Amino acid sequence: MQAPLHPGKRAIVIGASIGGLLAARALADYYGEVTVAERDILPDDYEPRKGVPHGRHTHGLLARGREVLEELFPGFTEEMVGQGAATSDLVDKVLWFNHGFYLCNAPSKMLGLSISRPMLEGSVRRRVLQLPNVRLRERCDVLEPTFDRTPDRVTGVRVRSRDGLHSTQTMNADLVVDASGRGSSSPAWLDALGYPKPREEQIKINLGYATRQYRRLPEQLRGMRGAIIGACAPDWRFGAILAQEGDRWIVTLGGYLGDQPPTDDSGFIAFAQSLQKPEIFDVVRVAEPLCPLMPYQFSANLRRHYEELFRFPAGFLVFGDALCSFNPAYGQGMTVACAESLALRECLAAGTQDIAGRFFRVASQLIDIPWQIAVGSDLRHPRVEGKRTIQVRFINWYIGKLYRAAQDDAVLASRFLEVANLMRQPAALLDPQIALRVWKRNRAPARVVTIPRGSTT
Ligand SMILES: Cc1cc2nc3c(=O)[nH]c(=O)nc-3n(C[C@H](O)[C@H](O)[C@H](O)COP(=O)(O)OP(=O)(O)OC[C@H]3O[C@@H](n4cnc5c(N)ncnc54)[C@H](O)[C@@H]3O)c2cc1C
């Protein structure tokens, strides 16, 4: 690492989860000292923790996220593979079912990383803390930002230690980055200081989730490394099974609008059986469970439009899920945090003048696409409330046609997954050659694939 550009300057990041760590990675190139303040005690091994309850649930890293992690931490993928994770071809080795069809499996160059969320976060944390100018303060609850005499500029944060003494202290900084997740207090802090709050956009989906890990045998799931059964009419239930380090499967089942999968053995297996395809059921009915069933509720896609604010204090930024949190079923959140890290690095390269305004504008542009993908797909569900523009209706109709065409067409399957993995813009699905392939293949009668129960283990 080269010497930071502003050696005398200090930055503080609130939260040491994926977002906070990736923000710290970008800041470390520019600030002499970067302190990450985290209220939890962080585990030495790859264990879930209280401040990130979602870490117990299935987390897939999109291909774009893996690519950015590799850029930020060279050799990251190889290091993870050395520790028991695996890379897998996302087109060839994962079953994707949606809109009534499977995508065609064929070799591609799109590599994913089969790894648990605690291992991913723990490994990113270790890499970030190897940077000489980054330090971590655990058990450190950030109470609020502090200001100069006038509240025009943030000058640090007031923190309370959770070491038993509960002492409060002020930590000074030239820049404070809020990466405290979707429950971020930034809107309330701004309001208390007389600043406008960001407009919040919400699409309520009330997802019910239940997750469990199982011992993985290589012959299960027809030798594939994962299967994603997307939510479709009539019941809009979905499921994901992914290989992880330690010869484990992680399985999540879910439903919309309060359709909560049961957390008892037979109820969970029956829910798996109710999915439109049998692959997940075929594993969970025979595989050895390695932990209890864990429930989770996710209320809404939530976006805070900081880029619209005309007044915002200098020396303050918001990052990661605190900016936007997506329906987790599309696996986008960590990849968006990766992309924001690159964006922050670019903004800092142009100086710190109006850093918030510039960062929020770029972040908003890069959030637009995953937001459209998540919200647009959720609006397929007839009872999810939200505006179904002509564009949303057309895209959802077209993706259905594309899925059908891609059951026998590796080019279409790869193109779709490149967009879903945030490697390409959605417009790439409408390239004339792609649209022509979709049209031609839809002229032939649909081929219905039926897999008898019990054939996938
Ligand atoms: C069930 C579920 C499944 C998901 N699956 C995927 C997936 O498959 N792929 C994917 O890419 N994304 C997935 N996501 C999204 C992903 O988990 C988030 O995008 C990601 O965790 C965001 O990281 P973050 O650091 O912004 O926020 P968080 O992970 O929420 O972390 C916030 C951190 O801030 C700390 N904190 C909060 N307040 C304070 C304070 N006042 N002082 C100090 N510390 C504080 C917390 O302890 C925590 O460590 C999923 C999310 C959920 C809910």
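Guide: Start at the largest cavity. Its lining residues divide into five nonpolar, two polar and six charged. Here Ala, Val, Leu, Ile, Met, Phe, Trp, Tyr, Cys and Pro count as nonpolar, Asp, Glu, Lys and Arg as charged, and the others, Gly among them, as polar. The model is predicted, so to speak of local features a pLDDT of at least 70 is needed, side-chain atom pairs count only at pLDDT 80 or more, and totals for chains, interfaces and linings use all residues. Residues are numbered from 1 along each chain as its sequence is written, and side-chain values use heavy atoms, with hydrogens and water left out.

What is a cavity? On a 1 Å grid over the protein atoms alone, a cavity is a set of points where a 1.4 Å probe fits but cannot get out. A pocket is an open set with protein on both sides within 12 Å along at least five of seven lines. Lining residues have an atom within 4 Å of a point. Grid points are joined across faces, edges and corners, and a volume is the space filled by probe spheres set on the points.

There are three cavities of 30 Å³ or more. The largest holds about 90 Å³ of space. Its lining has 13 residues; Glu47, Pro48, Arg49, Pro118 and Glu121 lie nearest its centre.

Now the second largest cavity, with about 50 Å³ of space. Arg303, Arg304, Tyr306, Glu307, Leu323, Cys324, Phe360, Ala363, Ser364 and Ile367 line this cavity. Two or more of these residues come from strand 16 (294-305), and two or more from helix 9 (355-378). Helix 9 gives the most, four residues. Helices (H or I, at least four residues) and strands (E, at least two) are DSSP runs, numbered from the N terminus. This lining divides into six nonpolar, one polar and three charged residues.

Helix 9 turns up again. It gives the largest share, five residues, to the lining of the second largest pocket. That pocket holds about 380 Å³ of space. Among its 23 lining residues, Ala314, Gly315, Asp354, Ile355 and Ala356 lie nearest its centre. The lining divides into twelve nonpolar, four polar and seven charged residues.

Back to Cys324, part of the second cavity's lining. Cys338 is in none; its nearest cysteine sulfur, that of Cys324, is 15 Å away. Cys338 is buried, with a relative accessible area of 2%. Buried means under 20% relative accessible area, exposed over 50%, and partly exposed in between (1.4 Å probe, protein chains only).

Val142 is found in strand 8 (residues 140-147). Val142 is buried too, at 11% relative accessible area. Beyond four places in sequence, Val142 touches Ile14, Ala37, Val157, Arg158, Val159 and Trp189. Contact means heavy atoms within 4.5 Å.

Ser180 sits in the loop between strand 11 (175-178) and helix 5 (186-192). Ser180 is partly exposed, with a relative accessible area of 35%. Ser180 and Val142 are 38 residues apart along the chain, yet their C-alpha atoms are separated by 9.4 Å. Leaving aside neighbours within four places, Ser180 is in contact with Ile14, Ser185 and Ala322.

Note on methods:
Disulfide = S-S within 2.5 Å.
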